[in-house]
Amino acid sequence: MDKKRLSVLLASSAVAVAGFAIPAATATAKTLPPLVVCTSPQGTYADNFNPYASGSLAGTLGNVYETLFYFDAVSGHTFDLLGTNYHFSNNNKTLTVNLRHNAKWTDGKAFTAQDVVFTFNAMKKYPDADANGVWQHLASVKAVGNYQVVFTFKTVNVPFAEQYVLGSTYILPEHEWASLGDPAKAKITWDKAIGTGPFIVSYFSPQDYKFKANPNYYLGAPKVPELDYPAFTSNSSADLALAQGNVQYGNLDIPNVQKTYVAANPHNHYYFPPDNEVELYPNLTNPLLANYNVREAISLAIDRNKLSTLGETGYEAVGNPISLPLPNYKSWLDPSLPKSYLQFPAVNDAKAQQLLQAAGFRKDAHGIYAKNGKELNFSLEVVSGWSDWDEDCLLIQQDLAKIGIKITINQVNFGTYYSNIAPTASANGVKVGKYDLAISWTNSGPTPYLAYYDMLDSNGSFNVEGFKDPEVDQALNEFASTTDLAKQKQAMYKIERIAADKLPVIPLLTGAYWYEYNDTNYTGWPTKANLWITPGPANYQSAAIVMQHLKPVQ
């Protein structure tokens, strides 16, 4: 398990790993400016720094609260955070983690194994806080002294244990949270955010919030003294701030990036690598959208080439029916997959309407297909100000109107959007969000397991559509129960075909990872030539590590 480990221990000298040096923490006499960050336009901010609540502000995770380890999808490296090493035993059912001895909470109290045990037991007591379903797999969590934790699993699932137990569970301070009840409902305002991370929340308003470097961080205080997150209401206003150098670190879609951004300042740089599949998520508890013919008709009517060229200004390619970003996962493709599983057919409005008619739908007086008095009339969730997705939704609305499906676009702020699509328990036990259709992302990991597990497993943390399929669950379990690459690939091959055949989600585009940075004041950024970690600020854990790596320009 340690062959790709990348320790981010910042000791008394630089550590050279995987082709780059992680700088030691050293003091500097130079007064350095804050680094201004924009992950995406979100309108005004709500004072929410709870890592277990939906809509927590960017930087809450990573900057303030940390996991035990971070597993990077781009580089394949593992970064040691609150944990220093781990090993599996007992046929991979027992996981032992050794913790740092020098980590402290930002109120000065020591971090110990008891905080880790408290965090996991709180998720067990309050299942709505267990967004990743870790207690579906865990049997127990116990502390051994102050700096070792032993996890025992019901069944073997190595990738889940690494990605979710070690890499996606944010550790809470027991001395603060023990009296707060359900972690998902706790009110954590900016002045109550006590973490172990490299930054401390220092200021909040609805228009702006800031972090200051944590002087007692166990890896050494970051050389960036302050991070500033001003609010933007649209991509255009954020793009302008980036081009003018008023934002130095971004995750934004910038039209004509060479002309409007790079040419504006020689210190402006970008890289937009393929990252994830952008999907149109249908709420499968809606009986109309649960009808395969309806979903297939929607898919046939959408002009993905227009989404790519107009909505995404050519930065994002058309997606594929198996919902995997390519070429990232090319080595995992079933070599016998027919071409039809890797590219969509041309737009076919006539066939789309034939499918609707075959399912018993007929046009009503409004020109909308309906059945038993129920129209194919859906709302479509998108974040207001995310100009590329906003444009994509307008194009989808126009395309579906041509085949008798009415779409009402629901543009809302990010917090409302995420709350609407986030899976919540419903009466029949299926977890789905409060929406009809939504345009959204998929998650990525070192293998396709994470993307497929989150999106398609019955217990997946981003299964916002409410898909349940025993074959998919079994294939993911087969993948998780072995380290044999050949067997893992066979499991992936099964899911690739099911994803295309059953159309649980409707793939649109292969999403680009937006990443812009300005190196006027700081160096050490990930680059296209040396992409040592997932680069942009929207990946909160890697962004916090990038901040630890930066050093001032001399």
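## Helices H12 and H14

Helix H12 (residues 448-456) packs against helix H14 (residues 485-502) at an angle of about 45 degrees, with the axes 11 Å apart. H12 is therefore oblique to H14; angles under 35 degrees count as roughly parallel, over 145 as roughly antiparallel, 65 to 115 as roughly perpendicular and the rest as oblique. The contact (heavy atoms within 4.5 Å) involves Pro448, Tyr449, Tyr452 and Leu456 of H12, and Met492, Ile495, Glu496 and Ala499 of H14. Seven of these residues are nonpolar, none is polar and one is charged.

## Basis of the model

The model is predicted: local features need pLDDT of at least 70 and side-chain atom pairs count only at pLDDT 80 or more, while totals for chains, interfaces and linings use all residues. Residues are numbered from 1 along each chain as its sequence is written, and side-chain values use heavy atoms, with hydrogens and water left out.

## Strands E21 and E22

Strand E21 (residues 377-383) is mostly covered, with five of its seven residues buried; buried means under 20% relative accessible area, with a 1.4 Å probe and protein chains only. E21 pairs with strand E22 (residues 406-412) in the parallel sense over seven bridges, where pairing requires that DSSP finds at least two bridges between the strands. Phenylalanine 378 has isoleucine 407 of E22 as its bridge partner.

## Isoleucine 200

Isoleucine 200 lies in strand E11 (residues 199-205). Isoleucine 200 counts as buried because its relative accessibility is 18%.

Leaving out residues up to four places away in sequence, isoleucine 200 touches Thr106, Lys210, Phe211, Lys212, Asn214 and Pro215. The C-alpha atoms of isoleucine 200 and valine 64 are separated by 6.2 Å, although the two residues are 136 residues apart along the chain.

Methods. Axes fitted to C-alpha atoms, helices over the stretch in contact; angles between N-to-C directions. Helix = DSSP H or I, 4+ residues; strand = E, 2+ residues; numbered from the N terminus. Nonpolar A, V, L, I, M, F, W, Y, C, P; charged D, E, K, R; others polar. Buried < 20%, exposed > 50% of the residue type's maximum accessible area, 1.4 Å probe, protein only.
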